[in-house]
Number of protein chains: 2
Amino acid sequence: MDQELDQEVALRSALRQERLTDAGRLLRELSPVEVERFLDRSDPHQVPIVFRLLDKELAVQVFAALDPRQQSQLIRGLRDENLQQMFGQLHASSQARLLDEVPAEVARRLMAGLGSQQRADAGRVLGYPSGSVGRRMSPVLVQLQAGTTAEHALRQIREARIADRHRDRLVGLPVVDADHKVLGTVGLADLVCAAGEDLVEELAASAGASVLATEDDETAARLSAEHHLLALPVTDETGRLVGVLTLDDAVGILEDEESEDSARSAGAEPLAQPYLSTPVTRLVRSRVVWLLVLAVGATLTVQVLEVFEQTLEQLVVLSIFIPLLIGTGGNTGNQAATTVTRALALGDVRARDALRVLRREFLVGLMLGTALGTVGLLIAGLVYSWGIGLVIGLTLLAICTVAATVGSLMPIVAKRIGVDPAVFSNPFITTVVDALGLVVYFLIARAVLGI
Amino acid sequence: MDQELDQEVALRSALRQERLTDAGRLLRELSPVEVERFLDRSDPHQVPIVFRLLDKELAVQVFAALDPRQQSQLIRGLRDENLQQMFGQLHASSQARLLDEVPAEVARRLMAGLGSQQRADAGRVLGYPSGSVGRRMSPVLVQLQAGTTAEHALRQIREARIADRHRDRLVGLPVVDADHKVLGTVGLADLVCAAGEDLVEELAASAGASVLATEDDETAARLSAEHHLLALPVTDETGRLVGVLTLDDAVGILEDEESEDSARSAGAEPLAQPYLSTPVTRLVRSRVVWLLVLAVGATLTVQVLEVFEQTLEQLVVLSIFIPLLIGTGGNTGNQAATTVTRALALGDVRARDALRVLRREFLVGLMLGTALGTVGLLIAGLVYSWGIGLVIGLTLLAICTVAATVGSLMPIVAKRIGVDPAVFSNPFITTVVDALGLVVYFLIARAVLGI
């Protein structure tokens, strides 16, 4: 770590002082992963400069390791022949993701550089809908026919002469019948440990046997993680093998999903690239639309308060508790929504569990409201008056119950109507709960204080 | 999926009607993973009933697959001999995690059932601090001595006679020298594809060579994911091999961390067990302390408003915009905080980048504030008066700038002082920004409107 820090400092200072030869020399001492990490942490305008300083072979490797959005920002400055070479080195799934990011004109130029086989591969991947596992799977390197012995299978793997960097993808191998239909997966370790004459289909595990290429990529990745699958065969609708989701692919999908859920939960679009190398204008764009939508939604609170303006004028002290009360409501709602959203993502809760969740969160809200309401009643009662204390206590009880119930329900409703549950984000729930809370507050105040 | 649903419905109805023989028969048709999932989705009081219906062998496998907290809830109802047998079947790392969950008296009884070797293994794992990779690593099944040929290594693996269910952990094998110091890791696929006389140390990759057992588990897991490491050797401080972090272990750690961050971001303690099988009282406990702390923090807003009570009395209309203004501030702050927290978790941003992040978020806040302020100025100006419009516009500009800056800084400050950045959660930031926003609002109102 510390050594890496020294190198980074030396490299940044060489770049700042425009000593590009020194910078190039320092870059040559780094591994592709280290260069990638350096680019991830560079200011957006420096990324293309650094990239042009790389040796050609290193540049190809680094390019392959970048996020699609970073790739699309880089290729604007590259000449066609370099570009097409780098593009040609990517896996079909990475090619498809990059093509999604670039304008149609650039996509056409990129495709033009591919050979006919590669173009067919990329085209096949692009045929699967965005967000499907077909878009993220790895190509099949070796598939074993049923009837093959373990000894023969090992020879087949050796003779396939897979390049070093792809070999880790051989740890789980799909077994198919004569029609290319998937029977299961056999672990490389099982082949090594088996008696030479054992048949591959007998060694193969059928648990979580395969997944359709059109299946949601997150669902497939969670299946891999839950069943500890080193390789999950991916099939077309006739059951024929078209690719493999490695555990490594699954990790990548899950990390992307987490980043997306995390951004969405705060009402922002995911960046899809590292923070420091993202242009400031893109940060603004990822947030401004949601902020405006939420602000428009928040005019609901203005309307509610206008309705109760007379009550407010009679008793200005009521306005003093507004931020505390709606803040507590928002917090309670967010706790419930976040818990349920995560449970939905993990598959612990499903859309059809709506009633069970609702019953539980109603109880939770009631208990939380009782605890907070009692504290509020005592403090406000002692500091202000028992009338005010009663209003605050009852309002907290009501707001917590409503907020937990509404907050837990919204992600499930989103899931039912086929929307990402994280879209009903925390700020969205806060806005709804704010408006509801204000109505509850003033109704209780009017009733208790007789105004 | 649909078939699973049918089975679940049949099973739940058998349990509800207390037809336990039928339920036991239905359970025998399920795989361990399916039973685990059924337990994850069962009401807390039903979990021990279902578990007692399982055949002994299945029960052992299911028990091993549960979360430590679920295990600790189950074992209260088990007899000592069953308990000790199940405990004995767990990996040392799972044993350590369960021991962390149970009372000392139960821990003593659990340990009493272990053989001396197992007790030593568990004791070694317990010697590493909670949250370290030493607590989560897998034991070494096979280690290869430098100087071993590929052919001999494969024979050694075969002769180790590793049980079926552990074989997937053989896909990456640590290479050590005569002193048990780690030289690197060799992939099983590399061994299979190599010429028989190649030496294992020549085949071994040294990238991300090893990690200390006391290292933070999340850091180690991210290293595995980033470098696509099937197996990461774990060493003691003298460099000697003590265990292996498999990619599968890494996935488990990352999922736990995501669940933790997600709960913390909403101001709740992580559940550490599936939602539906968590007792309601535990849900309340995971939330009530944070809610009370935040409510106490929110009394800051009450104090601010008391200071400006006279201004409020003069112009009640000002109170109407309070929820909208502080809501927008909270949203902006949360967007910034969530983005930076996620970037810190991924290693895209480090604590020493504080100034760069601050500069960027100040700019982002300024741009967002300009956009929202302009809209606010126009709408409030047209609906109310241009004086009010100016107050709203300027306040939105100031609040957005302050909120983005403060929101981005808090996770970095947390990281610097060695606290989980997710602890400065969204509700926490909202509370701080609420109070700051109110001060800004009333100062601007007084200045512009001359009151």
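Predicted model: local features only at pLDDT ≥ 70, side-chain atom pairs only at ≥ 80, totals over all residues.
On its other pairing, β2(B) is joined by 2 bridges to strand β1, residues 144-145 of chain B, and here the strands run parallel, with B:Leu144 standing opposite B:Val175.

How much of β2(B) is covered? The strand, residues 172-176, is mostly covered, with 5 of its 5 residues buried. If you look at the directions of the side chains, B:Gly172, B:Pro174 and B:Val176 point one way, while B:Leu173 and B:Val175 point the other way, and all of them are buried.

The next sheet to look at is also in chain B, and it is an open sheet of 3 strands in the order β4-β5-β6, with mixed pairing. Its edges are β4 (211-212) and β6 (241-246), each of which has a single partner strand, so one side of each is left without a neighbour in the sheet. The parallel part of the pairing is between β4(B) and strand β5, residues 231-235, which are joined by 2 bridges, and there B:Leu212 stands opposite B:Thr235. The antiparallel part is between β5(B) and β6(B), joined by 5 bridges, with B:Val234 opposite B:Gly243. In the hairpin of β5(B) and β6(B), which has 5 residues between the strands, B:Gly239 takes a positive phi near 90°. Although β6(B) is an edge strand, 6 of its 6 residues are buried.

In soluble globular proteins, nonpolar side chains tend to be buried together. The largest nonpolar core here has 52 residues, and those with the most contacts inside it are A:Tyr441, A:Phe442, B:Tyr441 and B:Phe442. Apart from it lies another core, of 40 residues, among them A:Leu229, A:Leu232, A:Val234 and A:Leu245. Coming back to B:Tyr441, and leaving aside its neighbours within four places in sequence, the residues in contact with it include B:Leu318, B:Phe321, B:Ile322 and B:Leu325, and also B:Val391, B:Ile392 and B:Thr395.

On the relation between the chains, chain B can be laid on chain A with an RMSD of 0.0 Å by a turn of 180° and a shift of 0.0 Å along the axis. That is the relation of a two-fold axis. As for the interface, 100% of the interface residues of chain B are also interface residues in chain A, so the copies meet through the same surface.

Within chain A, the division is into domain 1 (2-133), domain 2 (144-252) and domain 3 (280-449), and the C-alpha centres of domain 1 and domain 3 of chain A lie 45 Å apart. In helix α7, residues 80-89 of chain A, the buried residues are A:Leu83, A:Met86, A:Phe87 and A:Gly88, and what covers the buried residues of α7(A) includes α4, α5, α8, α9 and α10 of chain A. One residue of α5 (56-65) is A:Ala65, which is partly exposed, with a relative accessible area of 36%.

Leaving aside neighbours within four places in sequence, A:Ser277 is in contact with A:Leu39, A:Asp40, A:Ser42, A:Pro44, A:Val47, A:Gln70 and A:Gln73. For contrast, B:Leu355, in helix α20 (residues 354-383) of chain B, is exposed, with a relative accessible area of 67%.

Finally, the cysteines. How many disulfides are there over all chains? The count comes to 0. For A:Cys193, the closest cysteine sulfur is in B:Cys193, and the 16 Å between them is too far for a bond, given a cut-off of 2.5 Å for a disulfide. At 18% relative accessibility, A:Cys193 counts as buried, because the limit for that term is under 20%, and A:Cys400, at 0%, counts as buried as well.

Terms used. Residues numbered from 1 in each chain as written. Chains lettered and ligands numbered in written order. Heavy atoms only, no water. Helix = DSSP H or I, 4+ residues; strand = E, 2+ residues; numbered from the N terminus. Buried < 20%, exposed > 50% of the residue type's maximum accessible area, 1.4 Å probe, protein only. Domains from an automatic or database assignment. Pairing = 2+ DSSP bridges. Least-squares fit on C-alpha atoms with pLDDT ≥ 70 in both. Contact = heavy atoms within 4.5 Å. Core = buried A, V, L, I, M, F, W, Y, C linked by side-chain atoms within 4.5 Å.
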